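Please examine the structure shown below together with its sequence.

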Amino acid sequence: MTAPRASSATPIAARAHGAHHGEHGEHAARTDPGGAAVTLERVTKTYGRVTALDNVSWTFRRGTFTAIMGTSGSGKSTFLHCASGLDRPTSGTVRLGDTELGTLKETDLTRLRRDRVGFVFQGYNLVPSMDVERNITLPLFLGGRKADRRWLTEVVHRVGMAERMDHKPSQLSGGQQQRVAVARALVTRPEIVFADEPTAALDPRTAGHVLRLLREAVDQTGQTVVLVTHDPAAAAWADTAVFLSEGRIVDELAAPTAAAVLTRWETL
């Protein structure tokens, strides 16, 4: 299939909510906030002779949940790294809101990622010597900012870790550690959250809890979430699933269900 033109991951209307209802509950009603959270324009990324991303254009709209899917080597992790400012594209432009990332010095880019972007990784990336509260508020501490105690309390209760704020990561299960990582990604009120295979190491029930937290961040607080995953069931929580193959966007699926994603996956 020919790669589509630059498109927007926008909130899905009532049809989408109905499609998801049977899988994990009806999404909260919301209107299209309109603005672009992150925009990629003709982005190419090469490593030597290998082209990991090939002339990719895409817009992530504010207040949406997008799943990025593809087989191993399809370019989905490179896509996330370029979109989030973790890596610089070989050519093309990436903008977070109105800020073009390519114009920033490395120190400014680091500050932007810390203050305006949230990350959730498969490996949790918690600091072993810090308790839950300090791990959650670490990005604020590094940025010289004080925690908004009301917002911190809300986030902690939302992820179900209020009774374990003094626990170290070694005292937590994998699912609990990932919930701490989600709270850390949300506590700065970022413009966008990037989640790279956050449920790959979790059992299905625990994975569902983490995905529900990301879904609720979109529905309840208007957060923008980008999820890289190989799991059709995880992609079914999103508003839109985007499929990559050989470094190009080859398809998109609105209001994805696990069955529909799997069917499309098998043709990649």
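In what follows, Ala, Val, Leu, Ile, Met, Phe, Trp, Tyr, Cys and Pro count as nonpolar, Asp, Glu, Lys and Arg as charged, and the others, Gly among them, as polar. The model is predicted: local features need pLDDT of at least 70 and side-chain atom pairs count only at pLDDT 80 or more, whereas totals for chains, interfaces and linings use all residues. Residues are numbered from 1 along each chain as its sequence is written, and side-chain values use heavy atoms, leaving out hydrogens and water.

By these classes, seven nonpolar, four polar and three charged residues line the largest pocket. Strand S7 supplies the largest share of this lining, four residues (strands are DSSP runs of E, at least two residues, and helices runs of H or I, at least four, numbered from the N terminus).

The largest nonpolar core comprises 44 residues, and those with the most contacts inside it include Phe65, Val120 and Val182. Such a core is a set of buried Ala, Val, Leu, Ile, Met, Phe, Trp, Tyr and Cys residues joined through side-chain atoms within 4.5 Å; buried means under 20% relative accessible area, exposed over 50%, and partly exposed in between (1.4 Å probe, protein chains only). In soluble globular proteins, nonpolar side chains tend to be buried together.

Asp219 is located in helix H7. Because its relative accessibility is 14%, Asp219 counts as buried. Asp219 and Phe65 are 154 residues apart in sequence and 9.2 Å apart in space, C-alpha to C-alpha.
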